[in-house]
Amino acid sequence: MVVASPSPLKRTKKTKAVGVPTIDLSLKHDDQHRPSLSHLIVEACEEFGIFKVVNHGISDDVITSLEKYGLNFFAKPTEDKHSAVGPTVPKPFGYGFRNIGSNGDVGDLEYLLLHANISSTHPHLLSEAADDYVDAVSDLACELLVLMAEGLWVPDKTIFSRLIKDSQSDSLLRLNHYPPTKMRDPLTNSERIGFGEHSDPQILTILRSNDVGGLQICMPDGLWVPVQPDPNAFYVLTNGRFESVKHRAIANNSPSKARMSIMYFGAPPLNATISPIQEMVSPLNPSLYKPFTWGEYKRAMHASRLSDCRLNLFKRRIDQ
Ligand SMILES: O=C(O)CCC(=O)C(=O)O
Ligand SMILES: [Fe+2]
């Protein structure tokens with residue numbers, strides 16, 4: 001067995017615990033195990049849309065430096081936070097408080113949203129810690145995308161990873177900070193929503209959080225289940241044929257400690273056309289969507305609400 005397999009789904013009347021599949025990336029160098037590793041990644045993407053990566057090879061230093069940077073940043077007075085991001089980072093990037101996007105979605109959090117393309121054509125991120133982190137996680141994202149191509153038997157192994165390696169890649173880095181509280185929503189007495197339900201639109205998301213829980217994923221039957229926090233691992237949320245998992249973050253998990261999560265969203269350049277790879281379509285298995293560019297998709301996204309499914313807008317009619 002190459003990876004620790006997910007713990008079996010356990011269901012009780014009211015709650016459901018789910019084990020997200022764990023991928024042990026140390027096996028990538030082992031020629032004998034690599035094919036089953038890539039197969040397990042594909043399976044995890046198809047069945048769950050999320051998996052956990054352990055032995056990822058990213059040093060603790062890189063992670064804790066950005067974590068420290070983030071915690072220091074969020075501890076500053078509000079005016080400083082707004083001005084710290086400065087004019088080098090254009091809107092919609094920068095510091096945000098409660099407002100998520102521009103369509104009225106709000107959450108119980110503050111965040112920092114940055115462009116994560118550190119090629120020479122873009123200004124550097126806020127700090128060396130963020131640059132180093134993006135270097136490391138974008139390499140990890142590329143490695144995983146190569147493994148996915150291998151698992152799908154696509155002849156061109158870099159067909160996905162090239163999109164985020166591109167010097168014009170539209171990738172993002174996001175730090176979310178949820179203040180400590182155990183209080184439920186006073187109006188509904190249900191969980192306090194930190195970040196409302198949605199699916200990430202990019203190619204894949206690499207999420208890491210401290211040891212405070214909050215992330216939940218939606219099961220096919222609509223039940224929300226918590227994902228155990230693990231500061232030593234990364235959670236990978238996927239997209240495409242690997243349907244993007246619906247998720248949200250709950251904000252009332254700790255009375256004393258803030259939750260901080262860091263997301264790297266690997267994205268293609270704005271002018272990249274998104275369409276199925278040749279090997280995946282045939283007359284019997286036609287493409288379900290019209291081709292579109294990442295820029296067009298983002299425009300559709302900005303015109304909709306956080307929880308809307310934008311992919312439907314690009315669905316092909318049967319006769320098209
Ligand atoms: O903070 C989290 O754990 C989840 C946030 C999230 O889903 C996002 O920023 O897209
Ligand atoms: Fe998300």
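# Close-up views

**Figure 1. Here's W153, which counts as exposed because it has 10 C-beta neighbours inside 10 Å.** For burial, C-beta atoms are placed from the backbone, and a residue is buried with 20 or more other C-beta atoms within 10 Å of its own, exposed with 12 or fewer, and partly exposed in between. What you're looking at is a predicted model, where local features need pLDDT of at least 70, side-chain atom pairs count only at pLDDT 80 or more, and totals for chains, interfaces and linings use all residues. Residues are numbered from 1 along each chain as its sequence is written, while chains are lettered from A and ligands numbered from 1 in the order in which they are written. You'll find W153 in the loop between α4 and α5 (161–165). Helices (H or I, at least four residues) and strands (E, at least two) are DSSP runs, numbered from the N terminus. Most residues other than glycine have a negative phi.

**Figure 2. Now look at N55, in the loop between β4 (50–54) and α2 (60–74).** N55 isn't a glycine, yet its phi is positive, near 50°. Is N55 buried or partly exposed? It counts as partly exposed because 14 other C-beta atoms lie within 10 Å.

**Figure 3. This view goes inside, to the largest nonpolar core and its 68 residues.** A nonpolar core here is a set of buried Ala, Val, Leu, Ile, Met, Phe, Trp, Tyr and Cys residues joined through C-beta atoms within 7 Å. I41 and V236 touch the most other members of this core. Helix α4 (residues 128–151) gives the largest share, twelve residues. Nonpolar side chains tend to be buried together in soluble globular proteins. Zoom in on I41: leaving out residues up to four places away in sequence, I41 touches I23, F51, L144, L147, M148 and G151. Touching, or being in contact, means that the C-beta atoms, placed from the backbone, lie within 7 Å.

**Figure 4. Four strands line up as an open sheet, in the order β8-β13-β10-β11.** The pairing is antiparallel, and two strands count as paired if DSSP finds at least two bridges between them. β8 (193–198) and β11 are the edge strands, each pairing on one side only. Neighbouring strands are turned by 25° against each other on average, direction ignored. For such angles, axes are lines fitted to C-alpha atoms (for helices, over the stretch in contact), and values run from 0 to 180 degrees between N-to-C directions. Three bridges join β8 to β13, and three join β10 (residues 215–218) to β13 (residues 247–250). H247 is a bridge partner of H198 and also of I217, while A249 stands opposite L215. Which way do the β13 residues point? H247 and A249 go one way and R248 and I250 the other, and all are buried. Side chains alternate between the two faces of the sheet in a regular strand.

**Figure 5. β10 and β11 make a hairpin, with five residues between them.** Three bridges join β10 to β11 (residues 224–226), and the two strands run antiparallel. One facing pair is Q216 and P226. In the turn, G222 has a positive phi of about 90°. P220 sits in the loop between these strands and counts as exposed because it has 8 C-beta neighbours inside 10 Å.

**Figure 6. Which residues are around ligand 1?** They are R174, N176, F195, D200, L207, S209, G214, L215, H247, A249, S261 and M263. To join this shell, a residue needs its C-beta atom, placed from the backbone, within 6 Å of the ligand. β7 (172–178), β9 (204–209), β13 and β14 (259–266) each supply at least two residues of the shell. The shell divides into five nonpolar, five polar and two charged residues. Here Ala, Val, Leu, Ile, Met, Phe, Trp, Tyr, Cys and Pro count as nonpolar, Asp, Glu, Lys and Arg as charged, and the others, Gly among them, as polar.

How values were computed:
Two residues are in contact if their C-beta atoms, placed from the backbone, lie within 7 Å.
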